[in-house]
Amino acid sequence: MPEGHTIHGIARDHAKLFAGRELAVSSPQGRFGSASRLDGRVLAEVEAYGKHLFYRFDVPGPQRVVHVHLGLFGKVATVSEPDPVPPRPTIRLRFVADGGYADLYGVTTCALVTEDERDAVIDRLGPDPLRPDADPGDAWRRVSRSRAPIGGLLMDQSVIAGVGNVYRAELLYRAGLDPWRAGRTLDEQAWANLWSDAVRLLSAGLRTGRIITTAPADRDRTGGRVRAQDAHYVYGRTGLPCRRCGRPVTSAPMLSRTVYWCARCQR
DNA sequence: AACGAATGGGAAT
DNA sequence: TTCCCCTTCGTTC
């Protein structure tokens, strides 16, 4: 689940459900030790940047921001009903308000930090295609100077924040780019196109809650809802025929993550 | 019951 | 580069 669009969706939903309200905060699992310092306090705002979430509370003292990073397995379950079910023992953090509640579990990071620490996290990140203030020029400077493969650069959060393994594969397919090409062999227009497609795809993901990257012409259009097996061009389709040329989709490890591509359509 | 994989990332080597 | 953390779920024994 957790690529940038998921995180921004959680921020949007939690702002609506919790911001400006007093929250009951607990850690059924016990590993979020700061829960009691936030319990009964007002959540001022929720912010998403790349794959990072920040919850700012009205509390005294320098530590007032909960920094959350879901990692590979982390999940957030949000329920817009007033009566919470008893929590599973693995729930790291639970927020409860009058109108609903949310559970976080399996997360890589869940910590109460200062504003400076929050700033430091964001300083390490590249531009986020889902933020209106994003400057793709910052990312281009990194890409244009790098010998690393573009498939790795798209996954590097200090280059561009929010793209994960699914969007990486699909963006490169849609651009016709070989994931193994060095960043510096791209021209500026190729990067501009990649960036604008990232804005388009992640925005669509935020809107629909799903990663759907295939153009209508490249999938079976019968039926209203896009079938799961029609949602992607190459991600998770090793050995299946490319939707456009029929050649079996290739996959290989890149920096310990599987990258998928069509060796004929992507040069 | 055991194992592997999964939309991630940081620290250690 | 390798290892380690986080949790769930489907497959295999």
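A pocket, as the word is used in these legends, is an open set of grid points with protein on both sides within 12 Å along at least five of seven lines. The model shown is predicted.

**View 1. The second largest pocket and its lining.** This pocket has a volume of about 160 Å³. Its lining includes Arg-174, Leu-201, Ala-204, Gly-205, Arg-207 and Thr-208. Also among the lining residues are Arg-210, Ile-212, Thr-213, Thr-214, Ala-215 and Pro-216. Helix α7, residues 188-208, supplies the largest share of the lining, with five residues. By type, the lining consists of five nonpolar, four polar and three charged residues.

**View 2. The protein surface near DNA strand C.** The residues around DNA strand C are Gln-29, Arg-31, Phe-73, Arg-88, Thr-90, Arg-92, Tyr-105, Gly-106 and Thr-108. Of the DNA strand C atoms that come within 4 Å of the protein, 63% belong to sugar and phosphate. The residues of this surface divide into three charged, four polar and two nonpolar.

**View 3. Side chains at phosphate oxygens of DNA strand C.** For Arg-31, the distance from a side-chain N or O atom to a phosphate oxygen of DNA strand C is 2.9 Å. For Thr-90, a side-chain N or O atom lies 3.0 Å from a phosphate oxygen of DNA strand C.

**View 4. The largest nonpolar core.** Nonpolar side chains tend to be buried together in soluble globular proteins. The largest nonpolar core here has 29 residues, and those that touch the most other members are Leu-53, Tyr-55, Phe-57, Val-66 and Val-68. Two helices, α1 (4-18) and α2 (35-38), are among the elements that give two or more residues to this core. The strands that do so are β2 (42-49), β3 (52-58), β4 (63-69), β6 (91-97), β7 (100-105) and β8 (109-114). Helix α1 contributes the most, with five residues.

View 5. Most residues other than glycine have a negative phi. Leu-255, which is not a glycine, has a positive phi of about 50°. Leu-255 sits in the loop that joins β9 (250-254) to β10 (257-261). Its relative accessible area is 68%, so Leu-255 is exposed. Ser-256 lies in the loop between β9 and β10. Ser-256 is not a glycine either, and its phi is positive, at about 65°. With a relative accessibility of 71%, Ser-256 counts as exposed, the cut-off being over 50%.

How values were computed
Residues are numbered from 1 along each chain as its sequence is written. Chains are lettered from A and ligands numbered from 1 in the order in which they are written. This is a predicted model: local features need pLDDT of at least 70, side-chain atom pairs count only at pLDDT 80 or more; totals for chains, interfaces and linings use all residues. Side-chain values use heavy atoms; hydrogens and water are left out. A residue is near a molecule or strand if one of its heavy atoms lies within 4 Å of it. A polar contact is a pair of N or O atoms within 3.5 Å; within protein, one must be able to donate a hydrogen and the other to accept it, and residues adjacent in sequence count only if both atoms are side-chain atoms. Ala, Val, Leu, Ile, Met, Phe, Trp, Tyr, Cys and Pro count as nonpolar, Asp, Glu, Lys and Arg as charged, and the others, Gly among them, as polar. On a 1 Å grid over the protein atoms alone, a cavity is a set of points where a 1.4 Å probe fits but cannot get out, and a pocket is an open set with protein on both sides within 12 Å along at least five of seven lines; lining residues have an atom within 4 Å of a point. Grid points are joined across faces, edges and corners, and a volume is the space filled by probe spheres set on the points. Helices (H or I, at least four residues) and strands (E, at least two) are DSSP runs, numbered from the N terminus. A nonpolar core is a set of buried Ala, Val, Leu, Ile, Met, Phe, Trp, Tyr and Cys residues joined through side-chain atoms within 4.5 Å. Buried means under 20% relative accessible area, exposed over 50%, partly exposed in between (1.4 Å probe, protein chains only).
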